[in-house]
Amino acid sequence: MLIQDPRKPGKPVLVLYDITDDRIRAKASDACKDYGLDRIQFSAYSGRLTKAAREELEIRLGKILGDHSGAITVIQLEQAQFEGAWKKVNP
């Protein structure tokens, strides 16, 4: 279920989380995927979100984490920071 409208690319975001509970961590991962974000590390996603979609995702992630142990950070980047990032991916 893709929630972010691909016709509205939005601004670059980075989502990082450190969650010990496997079930909660999987739900956080699924939420990021639902918003069309790309996994860049086991607990890190990046992509573009509109302001409304970012706020919805933040609320959803907050509910997912609830009172469980862990941390979630959503960082909005400027376009120049996103384009200036160095990346190397091997299959």
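**Exercise 1.** Find out why the radius of gyration of the protein chain agrees with that of a compact globule.

*Solution.* Start with the rule: 2.2 Å times the number of residues to the power 0.38, with the radius taken over C-alpha atoms. Next, look at the box that the C-alpha atoms fill along the principal axes: roughly 35 × 30 × 20 Å.

Before going on, note that this is a predicted model, where local features need pLDDT of at least 70, side-chain atom pairs count only at pLDDT 80 or more, and totals for chains, interfaces and linings use all residues. Residues are numbered from 1 along each chain as its sequence is written, and side-chain values use heavy atoms, leaving out hydrogens and water.

**Exercise 2.** Locate S46 and decide: is S46 buried or exposed?

*Solution.* First go to strand β3, residues 44-49, where S46 is found. Then apply the cut-offs: buried is under 20% relative accessible area, exposed over 50%, partly exposed in between (1.4 Å probe, protein chains only). S46 has 12% relative accessibility, so S46 counts as buried. Finally, look for contacts (heavy atoms within 4.5 Å). Beyond its neighbours within four places in sequence, S46 touches V13, L14, L37, D38, I40 and F82.

Key. Helix = DSSP H or I, 4+ residues; strand = E, 2+ residues; numbered from the N terminus.
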